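Visitor: Hi! I have a structure open and would like to talk it through. Could you walk me round it?

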Amino acid sequence: MTLSAAQPITELLDAETVQSIADEVWPSLVGDGEAFLPVPVPPPAELVSAWVDIIGPWTGSVVLTCAPATAEALTESVLMTRPPTVVDDEDVADALGELANVLGGNIKSVLPGESRLGLPQIGSAPSRGRLDDVCSLVGQWRGNFLTITVQGAIAAPHAERNEVPL
Amino acid sequence: MKILVTDDSRVMRQIVIRTLRQAGYDDHDIIQAENGRQAFEMVGAEQPDLVLSDWNMPEMSGIECLEALRASGSQVPFGFVTSEGSPEMREKAANAGAIFLIAKPFNEDTFKDALDGVIS
């Protein structure tokens, strides 16, 4: 197989593969019986994203996006907290980042060639590159909107401080 | 038995500790480190019987920690719990002296498969 740096993610990965990875991650991290369902619901106005970068023959990001309230509910589920225990912003960033990290690690493993994975980041999603270099899975968890987006970088990023070699 | 759980994510450390308990390893002392450098120092200071470590961490990665431990003469049993489990990483982990690599996501059965025989 000949690899090209310009090969878009849509030629390397399909939504079914992303769904199969989410099917393993949700019950393991979010909780027994929990699922990411590929049923689109309207996106909320306010969004938060967590992502990890993949740097290799294909370079881009794996981004998990949802409403802040969904991120908080995900964190409560991951940590198995019960009222009156509340999660703080640090917990939410950590939990959402770790979900993106595990999704990203598994998506990296199905991409061809040797790649490196960055550390999780949280905030507004990074800008997308080529329009055809995006594989997005829209779904819901407990009725809340979520997307998992595998998107190419605008340009190959320089080696970042948080990038850890294989 | 003393087990050192190393991960820069506090959430993931909690999940690893919870999974250890679900797998039946609930009567051991658990200590925690946030990165490879802290784990390296705690191996010297705390003398754990087993290190469970993430791979990708700031300051010092898990593989750098393992290599530093072996270079310093430590033979503490060391296993990875990481979000990636490519054949290249498994080979590199084994070559550096890791006894197993658990890829996330995992469950208690994954832990039992890797840890039976390691944890008494």
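**A buried valine and its surroundings**

Guide: Let's start with one residue: Val102(A) counts as buried because it has 28 C-beta neighbours inside 10 Å. The cut-offs are these: a residue is buried if 20 or more other C-beta atoms lie within 10 Å of its own, exposed if 12 or fewer, and partly exposed in between, with C-beta atoms placed from the backbone. This is a predicted model, where local features need pLDDT of at least 70 and side-chain atom pairs count only at pLDDT 80 or more, while totals for chains, interfaces and linings use all residues. Residues are numbered from 1 along each chain as its sequence is written, and chains are lettered from A and ligands numbered from 1 in the order in which they are written.

Visitor: Thanks! Where is Val102(A) in the chain?

Guide: Val102(A) lies in helix H3 of chain A. Helices here are DSSP runs of H or I with at least four residues, strands are runs of E with at least two, and both are numbered from the N terminus.

Visitor: And what is Val102(A) in contact with, apart from its neighbours within four places in sequence?

Guide: Val25(A) and Leu29(A) from chain A, plus Ser83(B), Lys104(B) and Pro105(B) from chain B. Two residues are in contact if their C-beta atoms, placed from the backbone, lie within 7 Å. Also, Val102(A) and Ile21(A) are 81 residues apart in sequence, but their C-alpha atoms are 9.2 Å apart in space.

Visitor: What kind of peptide bond joins Lys104(B) and Pro105(B)?

Guide: A cis one, with omega about 0°. Pro105(B) sits in the loop between strand E5 (100-103) and helix H5 (108-115) of chain B.

Visitor: Zooming out, how many residues of each chain are in contact with the other?

Guide: 22 residues of chain A are in contact with 20 residues of chain B. On the chain A side, the elements that give two or more residues are helix H1 (15-30), H2 and H3. H3(A) provides the largest share, ten residues.

Visitor: How do the residues on that side of chain A divide by class?

Guide: Ten are nonpolar, six polar and six charged. By this scheme Ala, Val, Leu, Ile, Met, Phe, Trp, Tyr, Cys and Pro are nonpolar, Asp, Glu, Lys and Arg are charged, and the others, Gly among them, are polar.

Visitor: New topic: at what angle do H2(A) and H3(A) cross?

Guide: Roughly 80°, for helix H2 (residues 68-79) and helix H3 (residues 89-110) of chain A, and their axes come within 9 Å. Axes are lines fitted to C-alpha atoms, for helices over the stretch in contact, and angles run from 0 to 180 degrees between N-to-C directions. That makes H2(A) roughly perpendicular to H3(A), a label for angles of 65 to 115 degrees.

Visitor: Which residues make that contact?

Guide: Among them are Ala71(A), Leu74(A) and Val78(A) of H2(A), and Val92(A), Ala95(A) and Leu99(A) of H3(A). By class, the contact has eight nonpolar, one polar and two charged residues.

Visitor: Now chain B. How many helices and strands does chain B have?

Guide: Five helices and five strands, and from the N terminus on they run β-α-β-α-β-α-β-α-β-α. The radius of gyration of chain B is 13 Å, close to the 14 Å that the globule rule gives for 120 residues, so chain B is as compact as a globular protein of that length. That radius is taken over C-alpha atoms, and the rule is 2.2 Å times the number of residues to the power 0.38. Of those 120 residues, 45% count as buried.

Visitor: And what are the helix and strand counts for chain A?

Guide: Three helices and six strands, in the pattern α-β-β-α-α-β-β-β-β. Of its 166 residues, 41% count as buried.

Visitor: Last one: what is the mean pLDDT of chain A?

Guide: It is 88, and 89% of the residues of chain A reach 70 or more. pLDDT is the predictor's confidence in each residue, from 0 to 100.

Technical notes. Parallel < 35°, antiparallel > 145°, perpendicular 65-115°, else oblique.
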